[in-house]
Amino acid sequence: MTTPPRVTIKDVAARAGVSKGAVSLAFNQKPGLSGTTRDRIFRAARELGWAPNLAARSLAGRRVDVVGLAVCRPARLLGLEPFYMEFVSGVESVLTEQSCALLLRLVRSVDEEVGIQEAWWRGRQVSGSILVDFRADDPRAAAAERLGVPVVAVGHPSLTGGLTSVWTDDATAVTEAVRYLAALGHRRVARVGGAAGLGHTAIRTAAFDEAARVLGLAGAWQVATDFSGEAGARATRSLLSAAPSDRPTAIVYDNDIMAVAGLSVASEMGLGVPADVSLLAWDDSQLCRLTHPTLSAMSHDVHGFGADVARTLFGVITGEGPGSHPVPTPVLTPRGSTAPPRP
(Lines give C-alpha, C1' and ligand atoms only; values in the text may rest on other atoms or scores of the structure.)
Protein backbone atom coordinates (compact mmCIF):
# COMPACT_ATOMS: atom_id res chain seq x y z
CA MET A 1 0.00 0.00 0.00
CA THR A 2 1.42 3.37 -1.03
CA THR A 3 1.68 5.96 1.75
CA PRO A 4 0.31 9.37 0.73
CA PRO A 5 3.04 12.00 0.48
CA ARG A 6 3.47 14.10 3.60
CA VAL A 7 2.15 17.65 3.29
CA THR A 8 4.85 20.23 3.97
CA ILE A 9 5.08 23.93 4.59
CA LYS A 10 6.14 24.29 0.96
CA ASP A 11 2.81 22.80 -0.16
CA VAL A 12 0.88 25.22 2.02
CA ALA A 13 2.87 28.17 0.65
CA ALA A 14 2.18 27.06 -2.92
CA ARG A 15 -1.54 26.66 -2.26
CA ALA A 16 -1.76 30.12 -0.65
CA GLY A 17 0.48 31.76 -3.25
CA VAL A 18 3.03 32.97 -0.71
CA SER A 19 6.54 32.13 0.44
CA LYS A 20 7.42 29.56 3.11
CA GLY A 21 8.54 32.48 5.26
CA ALA A 22 5.06 34.01 5.06
CA VAL A 23 3.50 30.74 6.29
CA SER A 24 5.93 30.74 9.20
CA LEU A 25 5.05 34.36 10.04
CA ALA A 26 1.34 33.55 10.03
CA PHE A 27 1.56 30.54 12.32
CA ASN A 28 4.00 32.21 14.70
CA GLN A 29 1.81 35.33 14.96
CA LYS A 30 4.59 37.60 13.70
CA PRO A 31 3.95 41.01 12.07
CA GLY A 32 4.47 41.67 8.38
CA LEU A 33 1.35 40.14 6.80
CA SER A 34 -2.04 41.59 6.00
CA GLY A 35 -5.14 40.07 7.55
CA THR A 36 -6.25 38.85 4.12
CA THR A 37 -2.96 37.04 3.53
CA ARG A 38 -3.06 35.42 6.98
CA ASP A 39 -6.61 34.17 6.36
CA ARG A 40 -5.55 32.76 2.96
CA ILE A 41 -2.63 30.90 4.56
CA PHE A 42 -4.78 29.43 7.35
CA ARG A 43 -7.40 28.38 4.83
CA ALA A 44 -4.79 26.66 2.65
CA ALA A 45 -3.38 24.84 5.68
CA ARG A 46 -6.84 23.59 6.66
CA GLU A 47 -7.59 22.42 3.12
CA LEU A 48 -4.34 20.43 3.04
CA GLY A 49 -4.66 19.14 6.59
CA TRP A 50 -1.35 20.68 7.65
CA ALA A 51 -0.28 22.23 10.95
CA PRO A 52 3.22 22.92 12.30
CA ASN A 53 4.29 20.37 14.89
CA LEU A 54 5.80 23.17 16.93
CA ALA A 55 6.55 21.20 20.06
CA ALA A 56 6.88 17.58 18.98
CA ARG A 57 10.57 17.26 19.85
CA SER A 58 10.17 18.32 23.46
CA LEU A 59 6.71 16.96 24.18
CA ALA A 60 7.11 13.47 22.68
CA GLY A 61 3.51 12.49 23.28
CA ARG A 62 3.11 13.84 26.81
CA ARG A 63 -0.12 15.60 27.74
CA VAL A 64 0.35 19.37 27.75
CA ASP A 65 -1.07 21.13 30.77
CA VAL A 66 -1.97 24.27 28.86
CA VAL A 67 -5.38 25.75 28.03
CA GLY A 68 -5.81 27.89 24.91
CA LEU A 69 -7.86 31.07 24.64
CA ALA A 70 -7.97 33.16 21.46
CA VAL A 71 -9.80 36.49 21.51
CA CYS A 72 -10.79 38.45 18.41
CA ARG A 73 -10.45 41.94 19.87
CA PRO A 74 -7.91 44.74 19.35
CA ALA A 75 -5.14 44.58 21.95
CA ARG A 76 -5.75 48.19 22.97
CA LEU A 77 -9.43 47.55 23.72
CA LEU A 78 -8.85 44.22 25.45
CA GLY A 79 -6.42 45.86 27.84
CA LEU A 80 -9.00 48.47 28.82
CA GLU A 81 -12.08 46.26 29.13
CA PRO A 82 -12.68 45.15 32.74
CA PHE A 83 -14.85 42.19 31.63
CA TYR A 84 -12.04 40.25 29.96
CA MET A 85 -9.53 41.09 32.66
CA GLU A 86 -11.92 39.71 35.30
CA PHE A 87 -12.85 36.72 33.13
CA VAL A 88 -9.21 35.76 32.52
CA SER A 89 -8.49 36.23 36.22
CA GLY A 90 -11.24 33.73 37.03
CA VAL A 91 -9.89 31.24 34.48
CA GLU A 92 -6.37 31.62 35.86
CA SER A 93 -7.56 31.02 39.44
CA VAL A 94 -8.65 27.50 38.45
CA LEU A 95 -5.66 26.80 36.19
CA THR A 96 -3.35 27.67 39.07
CA GLU A 97 -5.10 25.07 41.25
CA GLN A 98 -4.48 22.51 38.49
CA SER A 99 -0.84 23.56 37.89
CA CYS A 100 -1.93 24.50 34.38
CA ALA A 101 -1.05 27.53 32.22
CA LEU A 102 -3.08 29.75 29.89
CA LEU A 103 -1.99 30.30 26.29
CA LEU A 104 -3.66 33.58 25.23
CA ARG A 105 -3.63 34.87 21.66
CA LEU A 106 -5.28 37.88 20.04
CA VAL A 107 -6.53 37.19 16.53
CA ARG A 108 -7.93 39.34 13.73
CA SER A 109 -10.70 37.04 12.52
CA VAL A 110 -12.58 33.84 13.28
CA ASP A 111 -10.83 32.14 10.33
CA GLU A 112 -7.47 33.01 11.85
CA GLU A 113 -8.60 31.56 15.17
CA VAL A 114 -9.65 28.29 13.49
CA GLY A 115 -6.13 28.01 12.09
CA ILE A 116 -4.54 28.82 15.44
CA GLN A 117 -6.71 26.32 17.31
CA GLU A 118 -5.82 23.62 14.80
CA ALA A 119 -2.12 24.43 15.06
CA TRP A 120 -2.30 24.29 18.86
CA TRP A 121 -4.04 20.92 18.88
CA ARG A 122 -2.04 19.22 16.14
CA GLY A 123 1.17 20.64 17.62
CA ARG A 124 0.23 19.26 21.06
CA GLN A 125 0.46 22.67 22.64
CA VAL A 126 -2.86 22.60 24.50
CA SER A 127 -4.99 20.16 26.46
CA GLY A 128 -8.15 22.02 25.46
CA SER A 129 -9.47 25.46 24.60
CA ILE A 130 -12.00 28.06 25.69
CA LEU A 131 -13.96 29.59 22.79
CA VAL A 132 -15.56 33.02 23.22
CA ASP A 133 -17.54 35.62 21.25
CA PHE A 134 -19.64 33.27 19.14
CA ARG A 135 -21.36 34.43 15.96
CA ALA A 136 -24.26 32.99 13.98
CA ASP A 137 -23.07 29.98 11.93
CA ASP A 138 -19.72 30.13 13.72
CA PRO A 139 -17.17 27.81 12.00
CA ARG A 140 -15.33 27.03 15.23
CA ALA A 141 -17.97 24.54 16.41
CA ALA A 142 -17.52 22.31 13.35
CA ALA A 143 -13.74 22.72 13.48
CA ALA A 144 -13.57 21.67 17.15
CA GLU A 145 -15.68 18.58 16.48
CA ARG A 146 -13.60 17.67 13.43
CA LEU A 147 -10.34 17.94 15.38
CA GLY A 148 -11.68 16.26 18.51
CA VAL A 149 -10.20 19.00 20.69
CA PRO A 150 -11.81 19.35 24.15
CA VAL A 151 -13.45 22.79 24.31
CA VAL A 152 -15.94 24.82 26.29
CA ALA A 153 -17.92 27.41 24.38
CA VAL A 154 -18.82 30.62 26.17
CA GLY A 155 -22.15 31.37 24.55
CA HIS A 156 -25.81 30.46 24.33
CA PRO A 157 -26.43 26.90 23.04
CA SER A 158 -28.29 28.34 20.03
CA LEU A 159 -24.91 29.65 18.84
CA THR A 160 -22.46 26.93 19.83
CA GLY A 161 -23.45 23.97 17.65
CA GLY A 162 -23.73 21.26 20.30
CA LEU A 163 -20.45 22.03 22.09
CA THR A 164 -20.39 22.03 25.89
CA SER A 165 -21.45 25.60 26.71
CA VAL A 166 -21.56 28.00 29.63
CA TRP A 167 -23.61 31.17 29.18
CA THR A 168 -25.46 34.09 30.75
CA ASP A 169 -29.16 34.64 30.09
CA ASP A 170 -28.74 37.87 28.14
CA ALA A 171 -32.36 38.02 27.00
CA THR A 172 -33.76 37.91 30.54
CA ALA A 173 -31.24 40.49 31.76
CA VAL A 174 -32.05 42.94 28.95
CA THR A 175 -35.77 42.52 29.58
CA GLU A 176 -35.26 43.24 33.29
CA ALA A 177 -33.28 46.40 32.49
CA VAL A 178 -35.96 47.76 30.14
CA ARG A 179 -38.78 46.89 32.56
CA TYR A 180 -36.93 48.65 35.39
CA LEU A 181 -36.54 51.85 33.37
CA ALA A 182 -40.18 51.67 32.24
CA ALA A 183 -41.27 51.22 35.87
CA LEU A 184 -39.43 54.45 36.70
CA GLY A 185 -41.59 56.16 34.06
CA HIS A 186 -39.20 56.23 31.09
CA ARG A 187 -41.04 55.94 27.76
CA ARG A 188 -38.11 56.71 25.45
CA VAL A 189 -35.25 54.26 26.00
CA ALA A 190 -32.11 53.63 23.92
CA ARG A 191 -29.51 50.88 23.93
CA VAL A 192 -25.88 51.34 22.91
CA GLY A 193 -24.95 47.78 21.94
CA GLY A 194 -21.83 45.91 20.99
CA ALA A 195 -20.63 44.56 17.67
CA ALA A 196 -23.62 43.56 15.55
CA GLY A 197 -21.99 40.33 14.33
CA LEU A 198 -21.67 38.81 17.81
CA GLY A 199 -24.28 36.28 18.80
CA HIS A 200 -24.89 37.66 22.27
CA THR A 201 -25.36 41.14 20.77
CA ALA A 202 -28.07 39.76 18.48
CA ILE A 203 -29.78 38.07 21.45
CA ARG A 204 -29.76 41.33 23.42
CA THR A 205 -31.00 43.28 20.40
CA ALA A 206 -33.98 40.98 19.90
CA ALA A 207 -34.81 41.00 23.62
CA PHE A 208 -34.68 44.82 23.76
CA ASP A 209 -37.02 45.13 20.77
CA GLU A 210 -39.46 42.64 22.27
CA ALA A 211 -39.45 44.29 25.70
CA ALA A 212 -40.04 47.72 24.14
CA ARG A 213 -42.93 46.31 22.11
CA VAL A 214 -44.58 44.57 25.06
CA LEU A 215 -44.23 47.65 27.26
CA GLY A 216 -45.48 49.94 24.50
CA LEU A 217 -42.58 52.38 24.75
CA ALA A 218 -43.03 55.57 22.78
CA GLY A 219 -39.43 55.42 21.52
CA ALA A 220 -36.78 52.69 21.43
CA TRP A 221 -33.42 53.17 19.72
CA GLN A 222 -30.49 50.77 19.29
CA VAL A 223 -26.98 51.62 18.08
CA ALA A 224 -24.27 49.02 17.33
CA THR A 225 -20.66 49.83 18.30
CA ASP A 226 -17.31 48.12 18.83
CA PHE A 227 -17.52 48.26 22.67
CA SER A 228 -14.93 51.07 22.87
CA GLY A 229 -15.29 54.24 24.89
CA GLU A 230 -14.91 56.32 21.73
CA ALA A 231 -17.76 54.50 19.98
CA GLY A 232 -19.92 54.73 23.12
CA ALA A 233 -19.30 58.47 23.28
CA ARG A 234 -20.21 58.96 19.60
CA ALA A 235 -23.41 56.96 19.99
CA THR A 236 -24.40 58.88 23.11
CA ARG A 237 -23.73 62.24 21.48
CA SER A 238 -25.86 61.27 18.49
CA LEU A 239 -28.75 60.07 20.67
CA LEU A 240 -28.73 63.15 22.91
CA SER A 241 -28.40 65.67 20.06
CA ALA A 242 -32.08 65.37 19.16
CA ALA A 243 -34.69 67.82 20.45
CA PRO A 244 -35.61 67.24 24.12
CA SER A 245 -39.00 65.81 23.17
CA ASP A 246 -37.39 63.34 20.72
CA ARG A 247 -34.33 62.09 22.57
CA PRO A 248 -34.19 59.15 24.98
CA THR A 249 -34.59 59.78 28.68
CA ALA A 250 -32.69 56.58 29.50
CA ILE A 251 -29.82 54.69 27.84
CA VAL A 252 -28.65 51.11 28.43
CA TYR A 253 -25.02 50.31 27.51
CA ASP A 254 -23.59 46.89 26.63
CA ASN A 255 -20.52 47.43 28.78
CA ASP A 256 -19.18 49.69 31.51
CA ILE A 257 -16.58 51.50 29.38
CA MET A 258 -19.24 52.88 27.04
CA ALA A 259 -21.46 53.85 29.97
CA VAL A 260 -18.65 55.85 31.56
CA ALA A 261 -18.01 57.55 28.21
CA GLY A 262 -21.74 58.27 27.92
CA LEU A 263 -21.75 59.90 31.34
CA SER A 264 -18.92 62.19 30.24
CA VAL A 265 -20.77 63.13 27.03
CA ALA A 266 -23.96 63.98 28.93
CA SER A 267 -21.96 66.30 31.19
CA GLU A 268 -20.23 67.85 28.18
CA MET A 269 -23.66 68.59 26.64
CA GLY A 270 -24.92 70.23 29.83
CA LEU A 271 -27.32 67.41 30.69
CA GLY A 272 -27.74 66.13 34.21
CA VAL A 273 -27.55 62.46 35.11
CA PRO A 274 -30.09 61.28 36.15
CA ALA A 275 -32.09 64.52 36.02
CA ASP A 276 -32.13 64.71 32.21
CA VAL A 277 -31.07 61.19 31.21
CA SER A 278 -30.69 57.97 33.16
CA LEU A 279 -27.77 55.64 32.35
CA LEU A 280 -27.49 51.90 32.97
CA ALA A 281 -24.32 49.85 32.35
CA TRP A 282 -23.73 46.15 31.68
CA ASP A 283 -20.86 44.28 33.39
CA ASP A 284 -20.75 46.04 36.73
CA SER A 285 -17.15 46.84 37.66
CA GLN A 286 -15.11 49.18 39.81
CA LEU A 287 -15.51 51.78 37.06
CA CYS A 288 -19.24 51.98 37.77
CA ARG A 289 -18.60 52.75 41.45
CA LEU A 290 -15.93 55.42 40.84
CA THR A 291 -18.01 57.77 38.69
CA HIS A 292 -20.17 60.64 39.91
CA PRO A 293 -22.96 59.84 40.06
CA THR A 294 -22.25 56.13 40.46
CA LEU A 295 -23.60 54.04 37.59
CA SER A 296 -26.52 51.67 37.90
CA ALA A 297 -25.53 48.35 36.38
CA MET A 298 -26.44 44.79 35.47
CA SER A 299 -24.17 43.00 37.94
CA HIS A 300 -22.75 39.50 37.70
CA ASP A 301 -19.70 37.70 39.02
CA VAL A 302 -17.39 37.81 36.00
CA HIS A 303 -14.46 36.32 37.94
CA GLY A 304 -16.70 33.46 39.03
CA PHE A 305 -17.92 33.08 35.44
CA GLY A 306 -14.34 32.58 34.23
CA ALA A 307 -13.64 30.09 37.01
CA ASP A 308 -16.82 28.14 36.15
CA VAL A 309 -15.78 27.98 32.48
CA ALA A 310 -12.31 26.66 33.40
CA ARG A 311 -13.75 23.98 35.73
CA THR A 312 -16.19 22.95 33.01
CA LEU A 313 -13.32 22.57 30.54
CA PHE A 314 -11.45 20.28 32.93
CA GLY A 315 -14.65 18.29 33.17
CA VAL A 316 -14.76 17.95 29.39
CA ILE A 317 -11.12 16.80 29.35
CA THR A 318 -11.68 14.19 32.08
CA GLY A 319 -15.21 13.23 31.05
CA GLU A 320 -16.51 14.08 34.53
CA GLY A 321 -17.84 17.59 34.04
CA PRO A 322 -21.25 19.16 34.62
CA GLY A 323 -21.97 19.62 30.91
CA SER A 324 -23.64 22.67 29.41
CA HIS A 325 -25.25 25.05 31.90
CA PRO A 326 -26.11 28.72 32.44
CA VAL A 327 -24.57 30.89 35.12
CA PRO A 328 -26.73 33.16 37.30
CA THR A 329 -28.51 35.89 35.34
CA PRO A 330 -27.06 39.39 35.82
CA VAL A 331 -28.91 41.25 38.57
CA LEU A 332 -29.90 44.89 38.32
CA THR A 333 -28.05 47.08 40.84
CA PRO A 334 -29.62 50.59 41.02
CA ARG A 335 -27.27 53.45 41.86
CA GLY A 336 -27.18 57.20 41.37
CA SER A 337 -27.37 57.29 37.56
CA THR A 338 -31.01 56.20 37.25
CA ALA A 339 -34.15 58.00 38.42
CA PRO A 340 -37.66 58.77 37.16
CA PRO A 341 -37.69 61.17 34.18
CA ARG A 342 -38.58 64.81 34.64
CA PRO A 343 -42.30 65.54 34.22
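Colleague: How many cavities of 30 Å³ or more does the structure hold?

Modeller: The structure holds 3 of them, where a cavity is a set of points, on a 1 Å grid over the protein atoms alone, at which a 1.4 Å probe fits but cannot get out. This is a predicted model, in which local features need pLDDT of at least 70 and side-chain atom pairs count only at pLDDT 80 or more, while totals for chains, interfaces and linings use all residues. Residues are numbered from 1 along each chain as its sequence is written, and side-chain values use heavy atoms, with hydrogens and water left out.

Colleague: What volume does the largest cavity have, and which residues lie nearest its centre?

Modeller: The largest cavity contains about 360 Å³ of space, a volume being the space filled by probe spheres set on the points, which are joined across faces, edges and corners. Its lining, meaning residues with an atom within 4 Å of a point, has 24 residues, and Phe 83, Asp 133, Thr 168, His 200 and Arg 204 lie nearest the centre.

Colleague: Which helix gives the most to that lining?

Modeller: That is α6, with 3 residues, and both α6 (82-97) and α10 (199-215) supply at least two. Helices here are DSSP runs of H or I with at least four residues, strands are runs of E with at least two, and both are numbered from the N terminus.

Colleague: And the second largest cavity, what is its volume?

Modeller: Its volume is about 70 Å³, and α8 gives the most to its lining, with 4 residues. Among the lining residues are Glu 118 and Arg 140.

Colleague: Changing topic, is β6 mostly buried or exposed?

Modeller: In strand β6 (residues 188-193), 5 of the 6 residues are buried, so the strand is largely enclosed by the rest of the structure; buried means under 20% relative accessible area, exposed means over 50%, and partly exposed lies in between, using a 1.4 Å probe and protein chains only.

Colleague: Which strands does β6 pair with?

Modeller: β6 pairs in the parallel sense with β7 (residues 219-224) over 6 bridges, and also in the parallel sense with β8 (residues 250-253) over 4 bridges, where pairing requires that DSSP finds at least two bridges between the strands. Ala 190 stands opposite Trp 221 in β7, and in β8 the bridge partner of Ala 190 is Ile 251.

Colleague: What about the open sheet, which strands stand at its edges?

Modeller: The 6 strands of that sheet follow the order β2-β1-β3-β4-β5-β11, with parallel pairing. The edges are β2 (101-106) and β11 (325-326), which each have a single partner strand, so one side of each is left without a neighbour in the sheet.

Colleague: Last topic: how many salt bridges are there?

Modeller: The count comes to 15, taking a salt bridge as a side-chain nitrogen of Lys or Arg within 4 Å of a carboxyl oxygen of Asp or Glu. One of them joins Asp 170 and Arg 204 at 3.2 Å, N to O, and this pair links distant parts of the chain, with Asp 170 in helix α9 (residues 170-183) and Arg 204 in helix α10, 34 residues apart.

Technical notes:
On a 1 Å grid over the protein atoms alone, a cavity is a set of points where a 1.4 Å probe fits but cannot get out, and a pocket is an open set with protein on both sides within 12 Å along at least five of seven lines; lining residues have an atom within 4 Å of a point.
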